[in-house]
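User: I've got a structure to go through with you. Can you take me through it quickly?
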Amino acid sequence: MTAGAPKPTIDTSNPHPARVYDWLLGGKDNYPIDEAVGEKLPPQARDAARQNRAFMHRATAWLASQGVDQFLDVGTGIPTEPNLHQIVQEIVPSARVVYTDNDPIVLRHAEALLVSRPEGMTDYIQADVREPLEILEHARTLLDFDRPIALSLIALMHFLPDDQDPYGIVRTLVDAMPSGSHLVLSHASSDLFPELSAQVTAEYAKGGIQLGFRTRAGVARFFEGLELREPGLVTATEWFNGTAQPDTEDCGIYAAVARIP
């Protein structure tokens, strides 16, 4: 961040998905309004947050081990170590990572996201996934769009109901990626545990946050035209990179990694 930049204005009167997620993970960078939403969620919501984070760790490490050294992480959330760049740069020290989120509190803590290894680079932009062209414009100044990039959309798109054009947004981002890039996406399900999904959706709605949980077929639409990597579109606990055995824990989150032709 630029020294002397004005502190971001944080709305503490309304809950925010990034701060509720932070509470579910046991973080401290949230407010009573966020905690109020989190406390009303079923206990499985905390499990889902942990499972989702673990998937991100495995998928990111696997891509880095395959030589991917550029990452665009949209919907970053509040820094929770290890962060994506720490995982990647442990494997590829020269990797470049660009983070994006629309919650000003993430900007306030962005210093934690910008501590890059000397050989690499990390940067942060405060932007909304619903403005993908703005994200891409900034990313092009930092990432080489002539080489493969990993586009990371972790537990993000279920915060965009169908009337906000989630598929069009993802397609805009994916279409801008060079050949050989990857899409890493996790998404809450509506069909694995329908009663729990309905409860979570209702509690978020009471806080003014609309959710768009989707069926497996609905999540698969985000990967149309892409080449799913093994083991395909599975639950977050079932996705593994071949060096660890899949988890047998119940999970209500779909996850996949796909190559962009």
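This is a predicted model: local features need pLDDT of at least 70, side-chain atom pairs count only at pLDDT 80 or more; totals for chains, interfaces and linings use all residues.

User: Good. How many of the 7 residues of strand S8 are buried?
Analyst: 6 of them. Strand S8 covers residues 253-259, and with 6 of 7 buried it is largely enclosed by the rest of the structure.

User: Which way do S5 and S8 run, and how many bridges join them?
Analyst: They run antiparallel, with 7 bridges between them. S5 is residues 182-188. Ala 188 sits opposite Ile 253 of S8.

User: What about S6 and S8, how many bridges there?
Analyst: 2 bridges, antiparallel again. S6 is residues 227-228. Leu 228 stands opposite Ala 258 in S8.

User: And S7 with S8, parallel or antiparallel?
Analyst: Antiparallel, over 2 bridges. S7 is residues 234-235. Thr 235 has Tyr 254 of S8 as its bridge partner.

User: Switching to helices. Which residues of H4 are buried?
Analyst: H4 spans residues 84-91. Leu 84, His 85, Ile 87, Val 88 and Gln 89 are buried there.

User: What covers the buried residues of H4?
Analyst: The cover includes one helix, H3 (44-65). It also includes strands S1 (70-74), S2 (96-101), S3 (121-126) and S4 (150-154).

User: Zooming out. How many helices and strands does the protein have?
Analyst: 9 helices and 8 strands. The radius of gyration is 17 Å, close to the 18 Å that the globule rule gives for 261 residues, so the protein is as compact as a globular protein of that length.

User: What does the C-alpha trace span along its principal axes?
Analyst: About 45 × 45 × 35 Å.

User: What share of the 261 residues is buried?
Analyst: 53%.

User: And what share of the contacts comes from residues 24 or more positions apart?
Analyst: 74%, counting contacts with a separation of 6 or more.

User: Last one, charges. How far apart are the mean positions of the positive and negative charges?
Analyst: 1 Å. The protein has 21 positive and 36 negative charges.

Note on methods. Residues are numbered from 1 along each chain as its sequence is written. Side-chain values use heavy atoms; hydrogens and water are left out. Buried means under 20% relative accessible area, exposed over 50%, partly exposed in between (1.4 Å probe, protein chains only). Helices (H or I, at least four residues) and strands (E, at least two) are DSSP runs, numbered from the N terminus. Contact means heavy atoms within 4.5 Å. The radius of gyration is taken over C-alpha atoms; the globule rule is 2.2 Å times the number of residues to the power 0.38. Lys and Arg count as positive and Asp and Glu as negative; His and the chain ends are not counted. The place of a charge is taken as NZ of Lys, CZ of Arg, CG of Asp or CD of Glu. Two strands pair if DSSP finds at least two bridges between them.
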